[in-house]
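Hello,

Here is the structure for you to look through. My notes follow below it.

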Amino acid sequence: METGTTFSMPRIGDAAPSFTAVTTQGEINFPQDYAGSWVILFSHPADFTPVCTSEFMTFATMEKQFAEVNCKLVGLSVDGLYSHIAWLRTIKEKIEYKGMKDVEVTFPLIEDITMEVAKKYGMMMPGESSTKAVRAVFVIDPKGVIRTIIYYPLSLGRNFDELHRVVLALQTADAFSVATPADWRPGDDVIVPTAGSCGVAKERMDSKDEMTCHDWFFCTKPLAKETIFATILKK
Ligand code: BEZ
């Protein structure tokens with residue numbers, strides 16, 4: 001563990017720290033260029049490494065699924081631009097993995113040799129590595145606010161279905177003023193805000209409407225997948 005060095009870390013609810021960076025798709029101003037879209041900013045430890053390669057192939061293959069819910073992807077590692085370009089070309093031209101081949105990564109991959117962005121976002125964890133970023137994920141909303149942060153160590157590849165589920169759950173919570181229970185997937189019941197008064201608590205427990213109350217503070221209601229997608233896809 002490095003000593004005497006302080007790394008800042010943004011928190012859920014904070015405005016996403018801004019930066020300008022060189023990427024494989026040209027310069028970006030973050031998060032300003034992404035205003036109005038959801039965006040997943042994620043770091044990976046290094047180019048030309050196996051776990052990262054499997055992750056990029058999976059994420060690139062799912063890019064359309066994320067675009068459908070107005071979510072863009074931006075990657076980062078502390079490698080340089082030419083390493084990024086060479087690695088992405090190798091992925092497209094040579095790598096076949098789990099039925100994926102000829103995979104083109106068209107989302108921007110930030111070069112961050114100076115670690116300026118990685119440090120700003122708390123992606124460097126010296127106990128894990130002082131030269132490589134860990135696998136950090138920041139889900140940022142259309143107003144540029146950080147809504148979810150997830151970290152994985154170097155050896156553990158991310159679950160990209162889970163990241164898609166996270167975006168859908170956040171969008172559902174925003175659009176319908178509900179919360180989502182453990183393992184929620186679109187189509188499952190959602191949680192209505194906890195009763196804020198004794199009167200509402202009693203009403204809920206006595207009510208025979210579509211709500212199911214497991215107790216006064218824990219009520220769920222159905223929310224059809226079609227309703228969610230009709231609302232989210234309109235945005
Ligand atoms: C990988 O992506 O395979 C990897 C990168 C850094 C450390 C360990 C694994």
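Which side chains meet in a salt bridge with 3.5 Å from N to O? They are those of Glu93 and Arg89. A salt bridge here is a side-chain nitrogen of Lys or Arg within 4 Å of a carboxyl oxygen of Asp or Glu. Both residues are exposed (buried is under 20% relative accessible area, exposed over 50%, partly exposed in between, with a 1.4 Å probe and protein chains only).

First, some ground rules. This is a predicted model: local features need pLDDT of at least 70, side-chain atom pairs count only at pLDDT 80 or more, and totals for chains, interfaces and linings use all residues. Residues are numbered from 1 along each chain as its sequence is written, and side-chain values use heavy atoms, leaving out hydrogens and water.

The count of salt bridges is 10. Asp206 and Lys202 form one of them, at 2.7 Å from N to O. These two sit four residues apart in helix H6 (residues 198-206), so about one helical turn separates them. Helices (H or I, at least four residues) and strands (E, at least two) are DSSP runs, numbered from the N terminus.

Now the cysteines. There is one disulfide, meaning a pair of cysteine sulfur atoms within 2.5 Å. Cys213 and Cys219 form it, with sulfurs 2.1 Å apart. The link of Cys213 and Cys219 is right-handed, with 110 degrees about the S-S bond. Cys219 is buried at 0%, while Cys213 is partly exposed at 22%.

Best wishes
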